Amino acid sequence: MLYIVPTPIGNLRDITLRALDVLKDVDLILAEDTRTSSKLLNHYEISKPLTPFHSHNEHQVVNHLVRQLQEGKKMALVSDAGTPGISDPAFLLVREAIKAGIRVECLPGATAFVPALVNSGLPASRFAFEGFLPLKKGRQTIFRQLAEEERTLIFYESPMRLVRTLADMIQYFGPGRSCSVSRELTKIYEEQARGTLQEVLDHFKSKTVKGEIVIVVAGKD
């Protein structure tokens with residue numbers, strides 16, 4: 001049995017009761033960063049074996065993990081924050097587990113883009129989640145394609161690249177396109193900046209940007 005377990009994106013109280021039950025019950029917890037996951041487990045007094053599972057080792061360990069699952073082990077996969085598989089490792093293990101006939105359950109829970117979308121005030125009935133944009137190769141091509149997209153667009157971004165990305169969006173989408181930037185969701189310094197792309201860019205150009213970022217942009221009118 002393989003469980004995909006969402007973990008809080010900031011506030012530790014955002015974990016579900018079911019997620020805690022699963023983490024207490026499994027034989028092994030696969031963690032993107034064992035140090036980060038240990039803090040969560042220690043907070044809830046959960047003592048279980050932890051092993052690393054991340055983008056740098058997933059191809060090397062996936063077959064070994066599938067064999068253990070086939071032998072009857074119960075495992076939980078967690079990422080540093082949010083739902084594994086949403087811009088975090090999970091796809092490869094889930095795919096191979098399904099191929100091997102192993103039961104997979106993904107628990108509902110914390111993820112950053114949903115509250116950012118709902119809180120943006122932009123249409124949420126149809127949206128496209130783009131995750132992290134490429135840094136170089138293919139970046140311009142994606143922007144040109146997305147400039148014609150009519151659905152609301154959602155992106156993850158690092159604080160170091162936020163200003164550059166907003167400037168790129170102005171180049172391809174125009175300065176008047178509505179957008180919202182959520183920073184440090186669920187944390188003590190949570191911030192929501194709404195307005196046109198130009199207004200939001202001017203806001204963040206005037207300050208030091210820190211924390212996790214979600215950008216929500218209106219689709220083409």
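**Entry 1: α3 and α4.** I began with a helix pair in this predicted model, and found that α3 and α4 are roughly parallel to each other, because angles under 35 degrees count as such and their axes cross at roughly 30°. The helices concerned are α3, residues 58–70, and α4, residues 91–99, and their axes come within 10 Å. I noted the crossing of α3 past α4 as right-handed. On the α3 side I listed E58, H59, V62, L65 and V66 as making the contact, and on the α4 side L92, L93, E96 and A97. Sorted by class, the residues in this contact of α3 with α4 are six nonpolar, one polar and two charged.

**Entry 2: α7 and α8.** I turned next to α7 (residues 162–173) and α8 (residues 197–205), whose axes come within 10 Å and cross at roughly 160°. That angle makes α7 roughly antiparallel to α8, and I recorded the crossing as left-handed. The contact draws on L162, V163, L166, A167, M169, I170 and F173 from α7, which meet L197, Q198, V200, L201, F204 and K205 from α8.

**Entry 3: α6 and α7.** Helix α7 also packs against α6 (residues 139–146), and here the axes come within 9 Å and cross at roughly 50°. The two helices α6 and α7 are therefore oblique to each other, and their crossing is right-handed. I found R139, Q140, F143, R144 and L146 of α6 in contact with R164, T165, D168, M169, Y172 and F173 of α7. The classes in this contact of α6 with α7 come to five nonpolar, two polar and four charged residues. M169 and F173 of α7 are listed here, and both are also listed in the contact with α8.

**Entry 4: the largest pocket.** I then searched for open space, and the largest pocket has a volume of about 500 Å³. Its lining holds 22 residues, and those that lie nearest the centre are A81, D88, A112, Y156 and E212. The elements that give two or more residues to this lining are β7 (152–157) and β10 (213–217). By class, I recorded nine nonpolar, six polar and seven charged residues in the lining of the largest pocket.

**Entry 5: the second largest pocket.** The volume of the second largest pocket is about 160 Å³. I listed its lining as T7, P8, I9, G10, L12, T36, S37, K39, L40, S79, D80 and A81, and the classes are five nonpolar, five polar and two charged. A81 lines this second largest pocket and is also one of the residues nearest the centre of the largest pocket.

Entry 6: How many cavities of 30 Å³ or more does a search of the whole structure find? I found one, and the space in this largest cavity is about 30 Å³. Its lining is made up of T7, L23, I29, S37, L40, L41 and V78, with the largest share, three residues, coming from helix α2 (residues 34–43). This lining has five nonpolar residues, two polar and no charged. T7, S37 and L40 line the largest cavity, and I also found these three among the residues that line the second largest pocket.

How values were computed
Residues numbered from 1 in each chain as written. Predicted model: local features only at pLDDT ≥ 70, side-chain atom pairs only at ≥ 80, totals over all residues. Heavy atoms only, no water. 1 Å grid on protein atoms, 1.4 Å probe; cavity = no way out; pocket = protein on both sides within 12 Å on 5 of 7 lines; lining within 4 Å. Points joined across faces, edges and corners; volume = space filled by probe spheres on them. Helix = DSSP H or I, 4+ residues; strand = E, 2+ residues; numbered from the N terminus. Nonpolar A, V, L, I, M, F, W, Y, C, P; charged D, E, K, R; others polar. Axes fitted to C-alpha atoms, helices over the stretch in contact; angles between N-to-C directions. Parallel < 35°, antiparallel > 145°, perpendicular 65-115°, else oblique. Left-handed = near helix turned anticlockwise from the far one by under 90°. Contact = heavy atoms within 4.5 Å.
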